[in-house]
Amino acid sequence: MQQGWLSNWLVKHEVVHRSLGFHHRGIETLQIKAEDWDSIAVILYVYGYNYLRSQCAYNVAPGGSLASVLCST
């Protein structure tokens, strides 16, 4: 899978993540562990990236519907 410039930048700075490809607008989608989110957000902000969008999904009940939450900062 092709990685975008942000994923390449994160690799260069040894930030653990997984590239999930690009959505229909060409924006790279990344998978980051929940426990790493705060530190990654701070690292990106320090380097000048001041807009983040987070989308999380979870099962409403075991084996149940999948709920999705989208947050922008």
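This is a predicted model: local features need pLDDT of at least 70, side-chain atom pairs count only at pLDDT 80 or more; totals for chains, interfaces and linings use all residues.
1. What does Thr-29 touch, once residues up to four places away in sequence are set aside? The list runs Arg-18, Ser-19, Leu-20, Gly-21 and His-23. For Ser-19 there is also a C-alpha separation to look at: 6.2 Å from Thr-29, with the two residues sitting ten apart along the chain.

2. Now the strands themselves. S1 covers residues 18–22 and S2 covers residues 28–31; the two run antiparallel and are joined by three bridges. If you want a landmark for the pairing, look at Arg-18, which stands opposite Gln-31 of S2. The hairpin has five residues between its strands, and there Gly-26 takes a positive phi near 85 degrees.

3. Next, have a look at His-17, in the loop between H1 and S1. Is His-17 buried or exposed? His-17 counts as buried, because its relative accessibility is 17% and the cut-off for buried is under 20%.

4. What does the side chain of His-17 do for polar partners? One is the side chain of Ser-7, joined to that of His-17 by a polar contact of 2.6 Å. Another is the backbone oxygen of Val-15, which lies 2.9 Å from a polar atom of the His-17 side chain. Leaving aside neighbours within four places in sequence, His-17 is in contact with Ser-7, Leu-10 and Val-11, and also with Leu-30, Gln-31 and Ile-32.

5. On to the nonpolar side of things. In soluble globular proteins, nonpolar side chains tend to be buried together. Here the largest nonpolar core is made of six residues, namely Leu-6, Trp-9, Leu-10, Val-15, Ile-40 and Leu-44. Two elements give two or more residues to this core: helix H1 (5–12) and helix H2 (37–46). The largest share comes from H1, with three residues.

Methods. Residues are numbered from 1 along each chain as its sequence is written. Side-chain values use heavy atoms; hydrogens and water are left out. Two strands pair if DSSP finds at least two bridges between them. Helices (H or I, at least four residues) and strands (E, at least two) are DSSP runs, numbered from the N terminus. A nonpolar core is a set of buried Ala, Val, Leu, Ile, Met, Phe, Trp, Tyr and Cys residues joined through side-chain atoms within 4.5 Å. Buried means under 20% relative accessible area, exposed over 50%, partly exposed in between (1.4 Å probe, protein chains only). A polar contact is a pair of N or O atoms within 3.5 Å; within protein, one must be able to donate a hydrogen and the other to accept it, and residues adjacent in sequence count only if both atoms are side-chain atoms. Contact means heavy atoms within 4.5 Å.
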